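Keep the viewer open and click along as the residues come up.

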Amino acid sequence: MRCYEFSDAISLESLHLVERPDPKPGPSDIVIRMRAAALNFRDIAMLRGKYHIGVSPPLIPLSDGAGEVVQVGDSVKRFRIGDLVCPNYLPDWHSGPIQAERVRRRLGGPTDGVLTEFMCLSEEEAVRAPAHLDATEAAALPVAAATTYRALYRMGALRPGETLLVQGAGAVSTTAVQLATAGGARCISVSRNDRHASSLKKLGAEIVLTNGDSPDWPGAVREATGGNGADVAMNVAGGQTVTATVSATKLGGLVHLIGFVSGPIAEVDLFEAIRQGTTFQTATAGSREDLEAFIHVSELNKFRPAIAKVLELKDLGAAIDAVDKGGQLGKVLLKLNF
């Protein structure tokens, strides 16, 4: 089979198209012909040497993907040949609380990822894709969908009528808008400009604030919520943005710390957090159960993930550049035509 791997170092110069042996399934395994893959900011962080988990070559990159089952082992019960499936980013986390042994393996680093012609997995390490999506759309789901569902409905309990604040227009933020709106919550999105305002409103955001670079935006959130602030906030930027998020939430509010696009070291005004009585939660993606729960809601509501662009495999470099630059609405995807 053909795949891309970091052969000698985790760098673009060392990313090569190589041949590996075709996988052979064991009794409980499935073989997937990968059809599409999506990029995440974690892929860029690894290239920069600034990811929170050590990774080393040889390594097949990328965490999110989808494809059809082409072989099944004799004992497989969950899938049939022809099913469209997504590998789970954390293959060993099937359900239940986070535990060390459940999150050691992570697709795309430190474990081989999805930028490959074929993948061989245990049937327990994949989920059936939503019936209304094609492979390219389904590839956008695993990390963002599991992370968002776990944050909002397992670690927290966002209720109908509550207000959710989201940052930007990336995959987690757009997924959160769709999911929370379907659950009866009110969504406020804050962005640095009005580039994606209309698209965010179509996804379900009631209010889109486009002054995210201004120190005044937390006040605008409070004004929009009758002076109270948001019940729940999802901070995907980290860095110096956390205190402003705290200021935009209500007394006793909940802030989910999801990402680190503005920097891995979060600066927090502890006096402000203490005055607000803020609860912080950090998210480490989610389990297969979380992803399956999202897929169930997705099928009921016919969610389609926000997609910035779909590129051919030969344009892998351009896809990496696009994610590195940022500012897209949703995911950058690759068609895997090896």
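## Before you start

Keep in mind that this is a predicted model. Numbering starts from 1 along the chain as its sequence is written.

## Ring pairs

How many aromatic pairs does the structure hold? The count is four. Start with Phe 41 and Phe 260: their ring centres sit 5.5 Å apart with the planes at 65°, so this pair is edge-to-face. Phe 41 belongs to helix H1 (residues 41-47), while Phe 260 is in the loop between strand S12 (249-257) and helix H9 (270-276), so the pair ties together parts that are 219 residues apart in sequence. Phe 41 has 21% relative accessibility and therefore counts as partly exposed. Phe 260, at 24%, also counts as partly exposed.

Another pair to click on is Phe 294 with Phe 303, which is tilted, at 6.0 Å centre to centre and 35° between the planes. Buried or exposed, what are Phe 294 and Phe 303? Both are buried.

## Helix H4 and helix H10

Now find helix H4 (residues 142-155) and helix H10 (residues 288-301), which pack at an angle of about 90° with their axes 8 Å apart. That angle makes H4 roughly perpendicular to H10. On the H4 side, the contact is made by Pro 142, Ala 145, Ala 146, Tyr 149, Arg 150 and Arg 154. H10 brings Glu 289, Asp 290, Leu 291, Ala 293 and Phe 294. Sorted by class, the contact of H4 with H10 has seven nonpolar residues, four charged ones and no polar ones.

## Helix H4 and helix H5

H4 also packs with helix H5 (residues 171-182), at an angle of about 55° and with the axes 9 Å apart. The two helices are therefore oblique to each other, and their crossing is right-handed.

Which residues of H4 make this contact? They are Ala 144, Ala 145, Thr 148, Tyr 149, Leu 152 and Tyr 153. Facing them from H5 are Ala 171, Val 172, Thr 175, Ala 176, Leu 179 and Ala 180. By class, the contact of H4 with H5 comes out as ten nonpolar, two polar and no charged residues. Ala 145 and Tyr 149 take part here, and both are also in the contact of H4 with H10.

Where is Tyr 51? Look in the loop between H1 and strand S4 (64-72). Tyr 51 has 14% relative accessibility and so counts as buried. Leaving aside neighbours within four places in sequence, Tyr 51 is in contact with Arg 42, Ala 45, Met 46, Tyr 89, Arg 106 and Phe 260. Phe 260 is the residue whose ring pairs with that of Phe 41. If you want a sense of distance, Tyr 51 and Ser 7 are 18 Å apart in space, C-alpha to C-alpha, and 44 residues apart in sequence.

Asp 74 sits in the loop between S4 and strand S5 (84-87). With a relative accessible area of 80%, Asp 74 is exposed. From Asp 74 to Asp 231 is 49 Å in space, C-alpha to C-alpha, and 157 residues in sequence.

Two cis peptide bonds deserve a click. One runs from Pro 57 to Pro 58, with omega near -10°, and Pro 58 lies in the loop between H1 and S4. The other runs from Gly 109 to Pro 110, with omega near 10°. Pro 110 is in the loop between helix H2 (100-103) and strand S6 (118-122).

Then check phi. Leu 62 isn't a glycine, yet its phi is positive, about 80°. This leucine lies in the loop between H1 and S4, and Leu 62 counts as buried at 4% relative accessibility. Lys 302 isn't a glycine either and has a positive phi of about 55°. Lys 302 is in the loop between H10 and strand S14 (307-312). At 52% relative accessibility, Lys 302 counts as exposed.

How values were computed. This is a predicted model: local features need pLDDT of at least 70, side-chain atom pairs count only at pLDDT 80 or more; totals for chains, interfaces and linings use all residues. Side-chain values use heavy atoms; hydrogens and water are left out. Rings of Phe, Tyr and Trp (its six-membered ring) pair if their centres lie within 6.5 Å; planes under 30 degrees apart count as stacked, over 60 as edge-to-face and the rest as tilted. Helices (H or I, at least four residues) and strands (E, at least two) are DSSP runs, numbered from the N terminus. Buried means under 20% relative accessible area, exposed over 50%, partly exposed in between (1.4 Å probe, protein chains only). Axes are lines fitted to C-alpha atoms, for helices over the stretch in contact, and angles run from 0 to 180 degrees between N-to-C directions. Angles under 35 degrees count as roughly parallel, over 145 as roughly antiparallel, 65 to 115 as roughly perpendicular and the rest as oblique. Contact means heavy atoms within 4.5 Å. Ala, Val, Leu, Ile, Met, Phe, Trp, Tyr, Cys and Pro count as nonpolar, Asp, Glu, Lys and Arg as charged, and the others, Gly among them, as polar. A crossing is left-handed if the near helix is turned anticlockwise from the far one by less than a right angle, and right-handed if clockwise.
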